[in-house]
Amino acid sequence: MAQYTGVPVSPGRVVGTIRTMAPPVAEPSASEKVPAGTSPEAEAERIPAAAAAVQKALTRLAERASGDGKAILEATAQMAADPSLATTAKGLVITAGKSAERAVWEAGDQVAGMLENIGGYMAERATDVRDVRARIVAELRGEQAPGIPDVEEPFVLTAIDLAPADTATLDPSRVLALVTSDGGPQSHTAILARQLGLPAIVAARDIHEFSDGTEVFVDAGFGTVTDEVTEEHHRFAEAWAELQKNPLTYEGGGGVLADGTRVQLLANIGGAKDAEKAVAANADGVGLFRTEFLFLDREDEPTIEEQTAAYREVFAHFPGQKVVVRTIDAGADKPLPFLTDADEPNPALGVRAYRTSWEKRSVLTNQLDAIAAATKGTEATPWVMAPMISTLEDTEDFAALCAERGLCPAGIMVETPSAAITADRQLTACDFASIGTNDLTQYTMAADRMLGTLAHLNNPWQPAVLALVKATCDGARTAGGDAGAYGEKAVKPVGVCGEAAGDPGLAVVLVGLGVNSLSMTPRSLPAVAKVLSTVSLDQAKQLAAAAVSAPTADKARDAVRAGLPILGEIGL
């Protein structure tokens, strides 16, 4: 028997056969030259032929895909057809005598490096260039191209990590679960798995010890994979399969605990298309409207008129409901050429999000003017918040900017330990707080959330992170207003809009700590609502206390799961 553990990112239990993605294409040796007896011209002509074959294969994949996946594959196919990579590579063959494989590899580095220097959206395409480069090299060698195995029977996919073109072809009807040895809980692979509702584990470093064809039981709630498959494991998998046939439904109206306590269940969105999905899922409103979608693909700041129209389009979907608007969260992994410094040595700890307003004030004030203009005539209730707040001065400044424009309520995101520890003072200066557990975990644990090697630290079950959530909620009670009719002090609202809110077990803990709204991908709403309905507020508080006092993240999660048998009953 063997069992390997990783970081759970999307729950579910399955029994299936492992199929392993082909390993990354090996880099051709720097000494590879044009083969003896072959002219440089003939060797160079192999490159456009291989690129055309890759384009054709990607186009076929795109024809079988839909939605965002189709768009990603079409864009990658176009990149394979772009003559710049092939032309640069051919030049290296002719002028330097390099083999076609080595020339393509070096040309790919040159093109990707150029895109990274441009920054912004173009920098993000560098990964796609390297993916296309690898596919062309595989074609030149006659090797299997990187990608998801093309087999008929459903399988458990294991991989080092997935490229964008691979994630675009993830088909939940064929892939039962996903387990990677690299990657982190905030990687594009993890995010897509959550959106698809696909059981997934990342950073399971030893997963490749299992050979192709091994039958395993994957418990993506606990983050474990074992090859000792028991009758009980089959029952767990059957419960999960039944849930997929008859998914939980969510009627809206908030999460209701067993004792009648209500918790708002909201959606995270990035624009009007996401807003439509949130409405279809009966979300109670929006807990996180990521406004940077308007800014990311541009060299210049969008006009106030453009922003106003985009915000108004989103607001129109939520008459009578709350829409929490996050002001631009640029920097770190979302650089903008007109706003952030590409040369910062550590951008995650640099001038990002609200901090960009210290020197470039107009970008934030223009955005607030646009939100204020979009608010007029809407039946939605916009709440506005600033990300990356660290000090009381930050909060007072942002609240004053909102007040000047009649934007109320105005709040802050709690993503830094300093904001959590001083929440009592922060919330005297603003109306609400929303906890971004992704960044709060990163900064609390001093662990870059994009690094797979630190994935075990980037776990919102870490007791230190939960203690800071508690500190924020305690601060909200301290900052509350006058005593209510029953002698209880009013509490400033505290929500959670990070990925932690969509974990049903963790949602119970968050409510027990004092959080009164949870925002997540719409697909997570039914399971969170179902699990919340099985506990009273007192029970949630008991489970939260057990999690905060646990010695480790694993023991915190295990203690809570032991107190929530409903998770196993519904296959989570």
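In this report, a residue is buried when its relative accessible area is under 20%, exposed when over 50%, and partly exposed in between, using a 1.4 Å probe and protein chains only. The model is predicted, so local features need pLDDT of at least 70 and side-chain atom pairs count only at pLDDT 80 or more, while totals for chains, interfaces and linings use all residues. Residues are numbered from 1 along each chain as its sequence is written, and side-chain values use heavy atoms, with hydrogens and water left out.

**Helix α9**

Let us start with one helix. Helices (H or I, at least four residues) and strands (E, at least two) are DSSP runs, numbered from the N terminus. Helix α9 has 15 residues and reaches 21 Å from its first C-alpha to its last, close to the 21 Å expected at 1.5 Å a residue; the expected span is 1.5 Å times one less than the number of residues.

Which residues of α9 are buried? They are His233, Ala237, Trp240 and Leu243. Seen down the axis of α9, these buried residues fall within an arc of 115 degrees, so they line one face of the helix. The arc is taken from the directions that run from the helix axis to the C-beta atoms. An α-helix has 3.6 residues a turn, so residues three or four places apart point the same way. On the face turned away from the buried side, α9 carries the exposed residues Glu231, Arg235, Glu238 and Lys245. The cover over its buried residues includes β3 (13-20), β7 (215-219) and β8 (224-226).

**Pockets and cavities**

Now for the empty spaces. Rolling a probe the size of a water molecule over the atoms shows where empty space is left. On a 1 Å grid over the protein atoms alone, a cavity is a set of points where a 1.4 Å probe fits but cannot get out, and a pocket is an open set with protein on both sides within 12 Å along at least five of seven lines; lining residues have an atom within 4 Å of a point. Points are joined across faces, edges and corners, and a volume is the space filled by probe spheres set on them.

| Space | Volume | Lining |
|---|---|---|
| Second largest pocket | about 820 Å³ | 20 nonpolar, 11 polar and 6 charged residues |
| Largest cavity | about 100 Å³ | 10 nonpolar, 6 polar and 1 charged residues |
| Second largest cavity | about 50 Å³ | 2 nonpolar, 5 polar and 2 charged residues |

In these classes, Ala, Val, Leu, Ile, Met, Phe, Trp, Tyr, Cys and Pro are nonpolar, Asp, Glu, Lys and Arg are charged, and the others, Gly among them, are polar.

Helix α9 returns here, as one of the elements that each supply at least two residues of the lining of the second largest pocket. The largest share of that lining, 4 residues, comes from β2. Ser10, Pro11, Gly502, Pro504 and Ser524 lie nearest the centre of this pocket.

The residues that line the second largest cavity include Thr437, Thr441 and Arg449.

Aspartate 439 sits in helix α16. Is this residue buried or exposed? Aspartate 439 counts as buried, at 4% relative accessibility. Not counting residues up to four places away in sequence, aspartate 439 touches Arg352, Glu415 and Arg449, where contact means heavy atoms within 4.5 Å.

Leucine 457 lies in the loop between α16 (437-444) and α17 (463-478). With a relative accessible area of 23%, leucine 457 is partly exposed. Leaving out residues up to four places away in sequence, leucine 457 touches Thr441, Met445, Ala447 and Gln462.
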